[in-house]
Amino acid sequence: MSDRTCLLFWDLLTVLQSSHSYIRRIMNAVELNRQVKEYADRLSPERLQVAADFLAYLADKESEEATQEILAIPGIVETLERAEKNIAEGKVRNWREIRDDV
């Protein structure tokens, strides 16, 4: 087997492992959602509200962490401000006018 064939095989194996890992995470999330619904169905309205409040807190925390991760990208705020200014000044084009083959 040539070095090139070995590298291509290795790349393919890496992609397959990543795909398998992604699918496994999705399946785990589906199972977790099923479990959460099962538990929620057994709760009193008062405890269900507590659970809903806690889930809302976790979702907000995750969203805030994602926002902070984006804001940590060097120059992102300036880039977004420049983009908003360009939009406001009409200095943009519809992507369909640039690429009609997508």
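Lysine 91 is exposed, with a relative accessible area of 56%. Exposed here means over 50% relative accessible area, buried means under 20%, and partly exposed is what falls in between, using a 1.4 Å probe and protein chains only. The partner of lysine 91 is glutamate 89, and their side chains meet in a salt bridge at 2.9 Å, N to O. Glutamate 89 is partly exposed, at 40% relative accessible area. The model is a predicted one, with local features needing pLDDT of at least 70 and side-chain atom pairs counting only at pLDDT 80 or more, while totals for chains, interfaces and linings use all residues. Residues are numbered from 1 along each chain as its sequence is written, and side-chain values use heavy atoms, with hydrogens and water left out.

As for the overall fold, the chain has four helices and zero strands, so helices (H or I, at least four residues) and strands (E, at least two) are taken as DSSP runs, numbered from the N terminus. Along the sequence this reads α-α-α-α.

With a salt bridge defined as a side-chain nitrogen of Lys or Arg within 4 Å of a carboxyl oxygen of Asp or Glu, the count comes to seven. One of them joins aspartate 41 to lysine 37, with the closest N and O atoms 3.3 Å apart. Both residues sit in helix 1, four residues apart, or about one turn of the helix. Aspartate 41 counts as exposed, at 54% relative accessibility. Another salt bridge pairs glutamate 38 with arginine 42, at 3.9 Å from N to O. Glutamate 38 is partly exposed at 36%, whereas arginine 42 is exposed at 61%. These two also belong to a network of salt bridges that links Glu31, Arg34, Glu38 and Arg42.

The nonpolar side of things starts with a surface patch made of Val36, Phe54, Leu55, Tyr57 and Leu58, which together have about 480 Å² of accessible area. Patches take residues with over 30% relative accessible area and no salt bridge, joining like charges within 9 Å and nonpolar side chains (Val, Leu, Ile, Met, Phe, Trp, Tyr) within 5 Å. Helix 2 (residues 45-71) gives the most to this patch, with four residues. Phenylalanine 54 is in helix 2 and is partly exposed, with a relative accessible area of 48%.

Phenylalanine 54 turns up again in the lining of the largest pocket, along with Val36, Tyr39, Ala40, Leu43, Leu48, Ala51, Ala52 and Leu55. A pocket, on a 1 Å grid over the protein atoms alone, is an open set of points where a 1.4 Å probe fits, with protein on both sides within 12 Å along at least five of seven lines, and lining residues have an atom within 4 Å of a point. The space in this pocket is about 150 Å³, the volume being that filled by probe spheres set on the points, with grid points joined across faces, edges and corners. Helix 1 (3-41) and helix 2 each supply at least two lining residues, and helix 2 gives the most, with five. The lining divides into nine nonpolar, no polar and no charged residues, where Ala, Val, Leu, Ile, Met, Phe, Trp, Tyr, Cys and Pro count as nonpolar, Asp, Glu, Lys and Arg as charged, and the others, Gly among them, as polar. Alanine 52 lies in helix 2 and is partly exposed, at 39% relative accessibility. Alanine 52 and alanine 40 are 12 residues apart in sequence and 9.2 Å apart in space, C-alpha to C-alpha.

Note on methods:
Accessible areas come from the Shrake-Rupley method with a 1.4 Å probe; for residues, only the protein chains shown count as cover.
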